[in-house]
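Hi,

Here is the structure I said I would pass on. Have a look at it first, and then read my notes below.

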Amino acid sequence: MKKKKCYTPEEIEMFRNDPNVKDVSEKRLRFTLEFRQKMYEAIKDNICTATVRSFLTSQGYDHTVFNQHFEHDIANNMKLRPPTNHGGITVRNTNKDDNDTLLATGLFVNARIGITFSESFIEHLYHAYPKQSIEEGIRNAGIDPQMVGYQRIYTLERKFNGQKRISREYDSYSSEIIRKYKHHPYIRRITTHQCLLLPCFYNEACTLTDMHIDDILSLYEFSPEDFSISTRNSILYKLRHWQKSDDVQTDCSDQTLRIQYTRMMKLKQMLDDTLHSIGESFPSLNPVERKDLCRTVKELPTDPYREYTVTYILKTAGISRSTYYGILNNADYGHTFLERDIRDDLDVQIVRQVMEYKNIRKGSRQIYMSMHDITGVQFGLNKIRRLMKKYGLHCDIRKPNHSTKTIRELMKKNTKPDILCRRFRLFRPDEVRLTDVTYIDYSNNKRAYGSAVKDPVTGRIIDFTIMDTNDLNLVLTSVDHMEADGVHEGMIFHSDQGVLYLNDTFQKRIADLGMIQSMSKRGNCWDNAPQESFFGHFKDEVNYADCSTLEQLCECVSNYLYYYNNERHQWNLKRMTPVQYDAWIRSLSDEEYSALMEQKEKEYKAMKEAAAIKAKNRANTLGVC
């Protein structure tokens, strides 16, 4: 075997000075994302080792300096998907947060390198494959395939297709499985590492290869999960290439007859289920498809046992005899549909002519209004839209924003009621937590984001986490810090309706902590006023713009946090600091605390009445009332 080439110190130095190279070591070279995307655009119509080498040569690279199989590895990965910011040629999902999320679903397990699909999830996906793709199965399980990583999906797909045998997978039959199948009439021999089926199994089952291999094995009283996927693929391959012969005899033992009888009953039930599904889809078929279906039923071979007659098939499918014979006997049935298809093929050319006029993009309404002036022909707006949908003529003008649509769906599904209702001070300490995120511009056009958690009763800031990204990791880290400070069952966690707080993972984290999530009304900052007030004081009082690095900003925030909690007096906290007020309110007796709550309740009612009067006056001014 040819030894893999190592980069020399001179080559490493040369690549380090190359702006297209992200990093290089003795045995590895990685191009930047921008260069890989440029390469992909140049070769995407014909991705192979030759085109990769040709592109690199055109960019001034000598292919002999690269490691063995370097161009080949690039081509293989670009065939899987366009380049993304995964740092190198090897496409693996190494995002720890994504891995933690996948593990939390219970459908993935830790493996030697990263994580992988659990055996139960592999079985679930395999049983539905290929009718349901692996990606569809992952989506149906509520997981984004991009989070899983397309390399994992591609590897599993190759395994399902019998193209790849996973190194850790081998045939191993326990003593329990051996006892289970030792006297099975269709097994020739079963040992710890081998299970051989009799020729009579293949001779009988070779006519069932349109079915899934798991279903075939189940018909013969085998449990599919007792066999590895590679073994099942081997059995299916042999079934598809088996030449049925009358010379192969089946043992006529009682067990064999029972299995054959059970198999026939299961096949009958499966056939009836198929007929039911055909009948359910029959009304949605177009006329041509209906006629083809009726012709297929007519051309079925005659059942020698007179069980599956045309009458039985129609009755089971729920199709009336009059409809069936009416379609067969009507020579013109379906012609109208075919004629409309022919007309549509001609009419869509007129729509295309209007769309391409002067090479200016047009939507359906602009096509409708311009059609007569451009072509002298006029179609209705509904017909134009139908033709555009039928022939895939899309216009990108003002198309729906999918991210906005996703946020709306999250809002509809995950928005929580406002439990707090601005009753910020009508609780005991540690019964409520407020949170929000703000941006912090510092240094020269740098921006960071801060997630704060506050106790509105005492005014104490529990946490103020600073990061350079405004993502789920920011708010989850803030929750981790809050948990370290102490949380308890039934604590109210209040935020606005930001997309981070609507996220399923975030809401599950809050629920796991036993907290009750509350949200402000949409676009109403007053429902989270104490938290907004803290951000305002921080930005007014701290000269954070002079910080040149994120570390300096974090240190600046930490210093202010100590000052705010321990040294900054607040008028509404009886001129105390938050820490002092916290200690004072905890020292009150039950009678003193009840008196304080009565006073706060009066202040709250006065605030509500004043707000109602203000709103009414505002409505009168606008002429609403």
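Helices in these notes are DSSP runs of H or I with at least four residues, numbered from the N terminus. By the way, this is a predicted model, so please read everything below with that in mind.

Is it buried or exposed? Leu-387 is buried, with a relative accessible area of 0%; the cut-off for buried is under 20%. Leaving aside residues up to four places away in sequence, Leu-387 touches Asp-344, Asp-347, Val-348, Val-351 and Phe-379. Thr-309 is another matter: 78 residues separate it from Leu-387 in sequence, and the two C-alpha atoms are 42 Å apart in space.

Next, the sheet. Five strands make up an open sheet with mixed pairing, in the order β9-β8-β7-β10-β11. Its edges are β9 (461–467) and β11 (516–519), each of which pairs on one side only. From one strand to the next, the twist averages 25°.

Going through some of the pairs, β7 (residues 432–442) and β8 (residues 446–454) are antiparallel and share nine bridges. Within that pair, Thr-438 has Gly-450 of β8 as its bridge partner. β8 also runs antiparallel to β9, joined to it by six bridges, and here Ser-451 is partnered with Thr-465 of β9. The β8 and β9 hairpin has six residues between the strands, and Gly-459 there takes a positive phi near 80°. Although β9 is an edge strand, seven of its seven residues are buried, so it is largely enclosed by the rest of the structure.

What packs on this sheet? Helix α22 (residues 472–485) does, touching β7, β8, β9 and β10 (492–495), and its direction makes about 150° with that of β9. Helix α24 (residues 504–512) lies across β10 and β11, at about 130° to β11.

Those two helices also meet each other. The axes of α22 and α24 come within 10 Å and cross at roughly 5°. Angles under 35 degrees count as roughly parallel, and α22 and α24 are therefore roughly parallel to each other. On the α22 side, the contact is made by Leu-472, Val-475, Leu-476, Val-479, Asp-480 and Glu-483, and on the α24 side by Thr-505, Phe-506, Arg-509 and Ile-510. By type, the residues of this contact divide into six nonpolar, one polar and three charged.

Elsewhere there is a separate hairpin to look at: β5 and β6, with two residues between them. β5 (residues 187–191) and β6 (residues 194–197) pair in the antiparallel sense over four bridges, and Thr-191 has Gln-194 of β6 as its bridge partner.

Last, helix α14 (residues 254–281). At 1.5 Å a residue, its 28 residues should span 40 Å, and the end C-alpha atoms are 41 Å apart, which agrees. Which of its residues are buried? They are Thr-256, Ile-259, Gln-260, Arg-263, Asp-272, Leu-275 and Gly-279. An α-helix has 3.6 residues a turn, so residues three or four places apart point the same way; keep that in mind when you look at the list. The buried residues of α14 pack against α11 (199–205), α12 (213–219) and α16 (310–317).

Cheers

Terms used:
Residues are numbered from 1 along each chain as its sequence is written. This is a predicted model: local features need pLDDT of at least 70, side-chain atom pairs count only at pLDDT 80 or more; totals for chains, interfaces and linings use all residues. Side-chain values use heavy atoms; hydrogens and water are left out. The expected span of a helix is 1.5 Å times one less than its number of residues. Buried means under 20% relative accessible area, exposed over 50%, partly exposed in between (1.4 Å probe, protein chains only). Contact means heavy atoms within 4.5 Å. Two strands pair if DSSP finds at least two bridges between them. Axes are lines fitted to C-alpha atoms, for helices over the stretch in contact, and angles run from 0 to 180 degrees between N-to-C directions. Angles under 35 degrees count as roughly parallel, over 145 as roughly antiparallel, 65 to 115 as roughly perpendicular and the rest as oblique. Ala, Val, Leu, Ile, Met, Phe, Trp, Tyr, Cys and Pro count as nonpolar, Asp, Glu, Lys and Arg as charged, and the others, Gly among them, as polar.
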